[in-house]
Amino acid sequence: MNKDLFNSESEKYLTKNSHRFIVTPSLPDKLKPLLEIAYNLWWVWNSDALELFRRVDLDLWDEISHNPIQLLGSVSEERLNELANDDSFLTHLEHIKNNMNRYLQLSTWYSKEQSEYKDCKIAYFSTEFGLHDSLPFYSGGLGILSGDHLKSASDMGLPLIGIGLLYRYGYFKQYLNFDGWQQEEYLENHFFRMPLQRMKNDKGETIKISVEHPSGKVFAQVWKLQIGRIPLYLLDTDISDNKTEDREITGQLYGGDREMRIRQETILGIGGVRALKALGIEPTTIHSNEGHSAFLILERIRALMSDNKLTFAQAQEVVRASCVFTTHTPVPAGNEIFDPVLVDKYLSPIYKKLGLKKDEFLTLGKQNPEDANEAFCMTVLALKMIDRANGVSKLHGTISRNMWTALWPNLPKHEVPITSITNGIHTNTWISHEIALLFDRYLGPTWKDEPGDQSIWQRITQIPDAELWRSHERRRERLVTFARNRLKRQLGNRGASPNEIAHADEVLDPDALTICFGRRFAGYKRGNLIFRDIKRLKSILNKKNMPVQIIFAGKAHPLDNIGKELIKSIIHIARDLDLRDKIVFLENYDISVAHYMVQGADVWLNNPRRPLEASGTSGMKAAANGALNLSVLDGWWCEAYNNDNGWVIGSGEEYDNTDYQDAVESQAIYDILEKDIIPLFYQRGPDGLPREWIQKIKTSMNVICPQFNTNRMIEEYTRRFYIPASIQYKKVSENNFELAKNMAEWKKRITDKWPQIKILESQDNLNSDIKLGNNFNITAKIQLPENISPEDITVQIYAGYLDSKNRMSEPLTEKMSMKEKTQEGVYMYEGNFKADRIGHCGYVIRVLPQFDGKVLYIPKLITWQ
């Protein structure tokens, strides 16, 4: 934490001597609906509403980062009186108010498709939410995804609420010094100048919760942001009830040391659950988006034990059944871990209430409980305690299953219970006004409400080539204008000469092929890969009659010097006289800058080291606006690429030698640019249109838009996770948690007795090689210990290809049925299996636990023949 952010002496003085009061915007009666609109972030993805605020005062709107509350509190009284007497503006205002009210009252996907689950209530926890550039409580992809999640949940009418932290200084504002080295500036967020509302109870008192820390209780007040139909509740510790060091907890997003992180995450997880209770909200499902909020599991268990007199094991079954966990990290080192000493320091108050000893508690966050030195991992805690877990792309699901296989020993990797739901984007937030108008005209307005309907996007072909191209060209022109103006400000701030600043008006060409690279600057994302062969790059960018230019943007984490070096190298390269007009780095990459880039790019470049990009969503945003992706086959692009909707760098290879990988893949980028992308872009017909390029744009939109959107993603979460978890929560909590108690007792019994379960023998009627399609019979004798019945287990045939080392691949399972009891504790099982493939095959018998007819993957509870 930057100590300059808090001055304890001045804070003490102000607390004692300041008379505090809150001033809110005062508007003429005719303009008061502006405040109602401003306090609901529905306007963020409604272009007509945004235009309404621009009409108030365009220059002021841009100056204050498009914050409507600050706008209405800063505009002059004279201007407000003008607007109150402007019939055109008042008509526009009434139109927007009516549209918002209509939106809030319309029937939704959830009300129509899931009406029988009216009692479902979902709480969505995330450490950051990226909703708009005027609300800088996000750093990058995770926050943007969380924001888009809430927006689509609103559009679809989900009974969902968000829980997060309200950061006084948010994430840093980036600027570069003259040498190109990243500097961080933390600007204070003034909450009363934002569309935030402090929550109050029935007595008019601010709602506050507390969490026990070693220094005593830490208090947090609760604020609300309204996002369409969805409330987002944010916790804020910067209040006078707290000591100075505790007020800093919600100071910076991802700021401070490891101790600050665990302090933040106890407030988010434990405090977030307590905030729900203080608000009178009882969720049936809780979604932990990444491991930062996983401490919520502990608080839910504690509350269930306290309020319902359950044991730890019984409460654990309730939480296990009703929670959802999403992991976003493709490498072990990227997961949130804490030193056990630190965990004990901050979590001992709660684990003692859970009835756990220190070592028992610490094992919840360890892969190897025997390793006293292993760090406490938040992802491990979530995976051990939650039944429903997913990665964020198909490839990431596979990576995650491989990464966490140690948690389910003896279980084949492909059966590790981590599935995948691929990320998406809230299309209406990211699409340009020009493209949106085209979609309205040729696709019909339902593309906004049902972006996952493939039939709608097939109408893309009906958009005239000329209209689509002109719309895209206008966005490229705006991107170039924006980049020039921003570059002038950047150069001025760095102390550049007047001539250098003036030259910024000449950089970039509004008609040139424009490549954009916008993302966090981390080593694995390889922001400088395209510069590996400067000589060849110069020949590509400066080719006569076929110019190419590149716009970069992105922040490095304040402690990531490798990422900062990458940015610095780009700044130095961009000073080369042969490149200074072709390469621009835009500082302070945020939602506003991202809008200009994804809406104006011709090609979106993405070249991480596979498989380190869990999903990625920026390429989806660019594709929705008519850009074509040039990307490594990683994350979402593995699912989206179809040979006709963009280009791939390599063929999905993974390398041990990273220097060799960089050499190969940089050359691949140059080859694709020279042989495919540039000739296709500049191949123009008599009418000046690049018709083959436009056809590729349409193919890209047709493939990507209906699949890679958050409406489809939300529907998957709802059908596969939220509703099943809600149903299960109701089941386990009925009749004073009878089912939870039975499950806990059963699980203890089955765990204690499992080592005594034996596969005594198996037989089949295979006498020789069999023909494809033939069936064969298999029997197995299973020995069960006392108090374990056939209803407690499932016996399966596990069959597949065998290689030369007797390893099985492409396996299938077939359940066997209990035929008879042959003697006390011994049962005969029988099954049929069909030969569905040719080649060298084999099978084994295995036994797994089952409860109430459902097979359960419980660590170590699996017996193989």
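Predicted model: local features only at pLDDT ≥ 70, side-chain atom pairs only at ≥ 80, totals over all residues.
**View A. Serine 134, tucked into a loop.** Look for serine 134 in the loop that runs between β1 (122-125) and α9 (141-156). Its relative accessible area is 6%, so serine 134 counts as buried. The side chain of serine 134 makes a polar contact of 2.8 Å with the side chain of histidine 132. Setting aside residues up to four places away in sequence, serine 134 also touches Trp43, Ser65, His66, Asn67 and Met194.

**View B. Phenylalanine 737 and its partners from elsewhere in the chain.** Phenylalanine 737 sits in helix α31 (residues 710-753). With 8% relative accessibility, phenylalanine 737 is buried too. Which residues does phenylalanine 737 contact, leaving aside its neighbours within four places in sequence? They are Leu304, Asn308, Leu310, Val318 and Val732. Take leucine 310: 427 residues separate it from phenylalanine 737 in sequence, yet the two C-alpha atoms are 8.4 Å apart in space.

**View C. The largest nonpolar core, and another one apart from it.** This core has 179 residues, and those with the most contacts inside it are Leu31, Leu158, Ile297, Leu347, Phe361, Ile782 and Ile793. Helix α31 is the biggest contributor, giving 13 residues to this core. Zoom in on phenylalanine 361 and you'll find it touching Leu298, Val343, Leu347, Tyr351, Leu356 and Phe376, not counting residues up to four places away in sequence. Apart from this core lies another, of 101 residues, which include Ile540, Ile551, Val632 and Ile678.

**View D. Helix α26, mostly under cover.** How many of the ten residues of helix α26 (residues 591-600) are buried? Nine are, so the helix is mostly covered. The buried ones are Ile591, Ser592, Val593, Ala594, His595, Met597, Val598, Gln599 and Gly600.

View E. Side chains of opposite charge can pair when their charged atoms come close. A search of the whole structure turns up 55 salt bridges. In the one shown here, the closest N and O atoms of glutamate 415 and arginine 846 are 2.6 Å apart. Glutamate 415 belongs to the loop between α17 (394-403) and β14 (419-420), while arginine 846 belongs to strand β27 (residues 841-851), so the pair ties together parts that are 431 residues apart in sequence. Both glutamate 415 and arginine 846 are buried.

**View F. Arginine 536 and aspartate 671, joining two helices.** This salt bridge has its closest N and O atoms 2.4 Å apart. Arginine 536 comes from helix α24 (residues 534-541) and aspartate 671 from helix α29 (residues 658-681), so parts 135 residues apart in sequence are tied together. Arginine 536 is buried, at 18% relative accessible area, whereas aspartate 671 is partly exposed at 29% relative accessibility.

View G. Lysine 821 and glutamate 824 form a salt bridge whose closest N and O atoms are 3.4 Å apart. Lysine 821 is partly exposed, with 45% relative accessibility, and glutamate 824 is exposed, with a relative accessible area of 68%. The network to pick out links Glu212, Arg274, Glu299, Arg302 and Lys353 through salt bridges.

Note on methods: Residues numbered from 1 in each chain as written. Heavy atoms only, no water. Helix = DSSP H or I, 4+ residues; strand = E, 2+ residues; numbered from the N terminus. Buried < 20%, exposed > 50% of the residue type's maximum accessible area, 1.4 Å probe, protein only. Contact = heavy atoms within 4.5 Å. Core = buried A, V, L, I, M, F, W, Y, C linked by side-chain atoms within 4.5 Å. Polar contact = N/O pair within 3.5 Å; in protein donor to acceptor, adjacent residues only side chain to side chain. Salt bridge = Lys/Arg side-chain N within 4 Å of Asp/Glu carboxyl O.
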